[in-house]
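Here is a brisk report on one chain.

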Amino acid sequence: MPAIETLERPAAVLRGRRLEYFTVVWNTLEGLIAVVAGVIAGSISLVGFGIDSFIEVTSGSVLLWRMAVDSDVHRRETNEKRALRIVGTCFLLLAAYITHESILDLWSKRAPEHSIAGIVLACVSLIVMPLLSRAKRKVGRALGSAAMHADAKQTEFCTYLSAILLAGLLLNILFGLWWADPVAGLIMVPIIAKEGIEGLQGRACDECRS
């Protein structure tokens, strides 16, 4: 390992911990708002978005632990794979939950109420999440960390969920398309499941090793 990388690693670890602290606080608030607003509006995609936020809290907490044990060089790869598997399991549970609820909504033709709070939340998330993901990717490259890179992908994935959520809520408000919300939820499922499977496999990434 080059000497300059050795010198910069503690600073990268510190930055990584700060990013994960922000992730935990932000997503806790985001999740609470989304779930409450989703339950009030009867919006499955909004509730699913909130649950995803809590999954990111889990991921952030795992990465905080990962940063805390970074100095243990011999167990570094094992710790990263363990973190990836925890997040992967959570993603698969989320995919199953959204699939069940979305199909149930389509079958019963249950229409959600309008949710201005959900629309505002999705718009804010579309601004914050890409910036946070970019910062995490930089730390992942500096540390050569597959776990941090995967966490950055999860944050980026939250951006996609925000866009899908926003589209579903707006279609319901503007055109009264009651089915847009559960369909938006189903669109999330393959993306979530793919990330979950890759997490369970504990895949390393090419970018974080470059």
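## Contacts across the chain

Q201 lies in helix α6, which spans residues 180–201. The model is predicted. Q201 is partly exposed, because its relative accessibility is 42%. Its C-alpha sits 7.1 Å from that of R85, although Q201 and R85 are 116 residues apart in sequence.

P10 belongs to helix α1. P10 is exposed, with a relative accessible area of 53%. From P10 to M67 the sequence separation is 57 residues, and their C-alpha atoms are 9.7 Å apart.

D105 is in helix α3. Is D105 buried or exposed? D105 is buried, because its relative accessible area is 2%, and the cut-off for buried is under 20%. D105 and W178 are separated by 73 residues along the chain. Between their C-alpha atoms the distance is 9.5 Å.

L169 is part of helix α5. L169 is buried, at 3% relative accessible area. D181 is twelve residues from L169 in sequence, and the C-alpha distance between L169 and D181 is 6.4 Å.

The table collects these C-alpha distances.

| Residue pair | Separation in sequence | C-alpha distance |
|---|---|---|
| Q201 and R85 | 116 residues | 7.1 Å |
| P10 and M67 | 57 residues | 9.7 Å |
| D105 and W178 | 73 residues | 9.5 Å |
| L169 and D181 | twelve residues | 6.4 Å |

## Overall fold

How many helices and strands does the chain have? There are six helices and zero strands. Along the sequence the pattern reads α-α-α-α-α-α. The chain has 210 residues, and buried residues make up 49% of them.

## Helix α5 and its partners

Helix α5 has 30 residues. From its first C-alpha to its last, α5 reaches 43 Å. That is close to the 44 Å expected at 1.5 Å a residue. Just after α5 comes G176, with a positive phi of about 65°.

Two helix pairs involve α5. Two packed helices are described by the angle between their axes and the distance between the axes.

Helix α4 covers residues 116–143 and helix α5 covers residues 146–175. Their axes come within 8 Å and cross at roughly 160°. Angles over 145 degrees count as roughly antiparallel, and α4 and α5 are therefore roughly antiparallel to each other. The crossing of α4 and α5 is left-handed. What residues make up the contact of α4 with α5? They divide into 18 nonpolar, eight polar and five charged.

The next pair is α2 with α5. Helix α2 runs over residues 44–68. The axes of α2 and α5 are 10 Å apart, and the helices pack at an angle of about 165°. Helices α2 and α5 are therefore roughly antiparallel to each other. Their crossing is left-handed.

## Aromatic pairs

The structure holds two aromatic pairs. One of them is F22 with W26, and this pair is stacked. The ring centres of F22 and W26 are 5.9 Å apart, with 20° between the planes. The planes count as stacked because the cut-off is under 30 degrees.

Why are F22 and W26 separated by about one helical turn? Both lie in helix α1, residues 3–41, and they are four residues apart, so about one helical turn separates them. An α-helix has 3.6 residues a turn, so residues three or four places apart point the same way. F22 is partly exposed, at a relative accessible area of 40%. W26 is partly exposed too, at 22%.

The other pair joins F91 and F157 edge-to-face. Their centres are 5.4 Å apart, and the angle between the planes is 75°.

Technical notes. Residues are numbered from 1 along each chain as its sequence is written. This is a predicted model: local features need pLDDT of at least 70, side-chain atom pairs count only at pLDDT 80 or more; totals for chains, interfaces and linings use all residues. Side-chain values use heavy atoms; hydrogens and water are left out. Axes are lines fitted to C-alpha atoms, for helices over the stretch in contact, and angles run from 0 to 180 degrees between N-to-C directions. Angles under 35 degrees count as roughly parallel, over 145 as roughly antiparallel, 65 to 115 as roughly perpendicular and the rest as oblique. A crossing is left-handed if the near helix is turned anticlockwise from the far one by less than a right angle, and right-handed if clockwise. Ala, Val, Leu, Ile, Met, Phe, Trp, Tyr, Cys and Pro count as nonpolar, Asp, Glu, Lys and Arg as charged, and the others, Gly among them, as polar. Rings of Phe, Tyr and Trp (its six-membered ring) pair if their centres lie within 6.5 Å; planes under 30 degrees apart count as stacked, over 60 as edge-to-face and the rest as tilted. Buried means under 20% relative accessible area, exposed over 50%, partly exposed in between (1.4 Å probe, protein chains only). The expected span of a helix is 1.5 Å times one less than its number of residues.
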